[in-house]
Amino acid sequence: MPQIYDPTHNVQPKEYVNGSANVMAIAKVLYEMALLKQNNSALDAELGYSKLPTILDYTIQSHDDSRARWTIVKYLQQGGHGTVYAVKEPSSNKLFAQKTMRFIKDHSPQKAAEKKSRREDMVRNEVEIVQKLRNHRHIVSIFFYAKNEEDLNIILDIIMLPIADKDLAEYLTMVEKYKFPPSMTNQLLEWTGCLIEALAFAHGKSVRHKDIKPGNILVKEKQVFLTDFGIAVDFAELDVSYTTNTFNATTKYRAPESEYGMPHGRQADIFSLGCVFSEMLTVSNRKSRDEFERSRPQKDGVFCKNIPITQKWVTGLKITDLKIKDKSTFLAKAIRGMLHEDPEERYAGNHLVEMFTREGSLNCKCA
């Protein structure tokens, strides 16, 4: 059994039991088929969304049955609303990412039941939603969630792929730390087309993300993946058993209509992604995010409080590398259209895909 150290919860070496071998066989088949060919409508038709389970309840099952067993391989990171581990399913020898969320039980039986039902409903709904997006090459695949109760905690685990190397926030920090190596700055520009395609795909499936920020974009080798479709926003309203400043970070990328409590929809995602793009463009042009943030004096650098300044910043970046000049100029134009204060005036996802396709150099070319 691998040794596990979780600095947040001090988890001891243990083995998680997360459901039936039959369900894991389904996950294994999905995983292997997805590797063979993604974005295949025939795959959707063959598998059928209804065939993929969304819940494995091992709360009341005994330990002497034939269930598949998850083994935690290593601790990966503590996110705003859960701890992420790499876990192995021994029968298939496959590795998955497991996001574990712990909630404190309520002493009142009635309140405890209400909160438990609410949490499960939110997780189940989000898992079912993201399963609709599981075949896109730049969106995480979520297979199912599992639940358990341990001492004073209620535990919900989400099983997903890929196991990321880092998130975009960490990647941007690395680029700055290593003095903006061209291989990394060029990669930032290339990823913009991938993320536009992924978001437009989600919007086309009537799925809104609600919490786009660098921490919710995963990096695996040279690929990026959107993750946490609405889960983080919903969980922010619950009594998680630890505190975090993630909500403040989320506010930074929030659209004006969301910030002021007005009705908001898909165009709020476009604004948030435009904010992320402005940071990616800044770093790709060898400027630090700290300098960029200092240029936005209102409300601690919150983007929606500094829209004209942000638009002026991306337009005024002095591009010294002629190899990326055309890409940077095009991206600055796209960002200005994504950051319009009026959501009706912002570019829509499908329009952005058309723009990036016509421009060509930043269009997603991932196989």
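**Reading the features**

Modeller: Start with K179, which lies in the loop between α4 (168-177) and α5. Its phi is near 65 degrees, a positive value in a residue other than glycine. The model is predicted: local features need pLDDT of at least 70, side-chain atom pairs count only at pLDDT 80 or more, and totals for chains, interfaces and linings use all residues. Residues are numbered from 1 along each chain as its sequence is written, and side-chain values use heavy atoms, with hydrogens and water left out.

Biologist: How are helices and strands numbered?

Modeller: From the N terminus, as DSSP runs: helices are H or I with at least four residues, strands are E with at least two.

Biologist: Which peptide bond is cis?

Modeller: The one from L161 to P162, with omega near 5 degrees. P162 is placed in the loop between β7 (153-161) and β8.

Biologist: What is the strand order in the open sheet of three strands?

Modeller: In general, strands of a sheet pair through backbone hydrogen bonds, either parallel or antiparallel. Two strands count as paired if DSSP finds at least two bridges between them. Here the order is β8-β9-β10, with antiparallel pairing. β8 (166-167) and β10 (223-226) are at the edges with a single partner strand each, so one side of each has no neighbour in the sheet.

Biologist: How many bridges join β9 and β10?

Modeller: Four, in the antiparallel sense, with β9 covering residues 217-220. V219 has V224 in β10 as its bridge partner. β9 and β10 form a hairpin with two residues between them, and E221 in the turn has a positive phi of about 55 degrees.

Biologist: How are two packed helices described?

Modeller: By the angle between their axes and the distance between the axes. Axes are lines fitted to C-alpha atoms, for helices over the stretch in contact, and angles run from 0 to 180 degrees between N-to-C directions. Under 35 degrees counts as roughly parallel, over 145 as roughly antiparallel, 65 to 115 as roughly perpendicular, and the rest as oblique.

The axes of α4 and α9 (residues 266-284) come within 10 Å and cross at roughly 20 degrees. That makes α4 roughly parallel to α9. The crossing of α4 and α9 is left-handed, meaning that the near helix is turned anticlockwise from the far one by less than a right angle (clockwise would be right-handed). Contact (heavy atoms within 4.5 Å) is made by L168, L172, V175 and E176 of α4 and V276, E279, M280 and V283 of α9.

Biologist: At what angle do the axes of α5 and α9 cross?

Modeller: At roughly 175 degrees, and the axes come within 9 Å. α5 and α9 are therefore roughly antiparallel. Residues of α5 that meet α9 include L188, W191 and L195, and those of α9 include I270, L273 and F277.

Biologist: At what angle do α5 and α12 pack?

Modeller: Helix α5 (residues 182-204) and helix α12 (residues 325-338) pack at about 40 degrees, with their axes 11 Å apart. They are therefore oblique to each other. The crossing of α5 and α12 is left-handed. L189, E190, T192 and I196 of α5 make the contact with K327, S328, L331 and M338 of α12.
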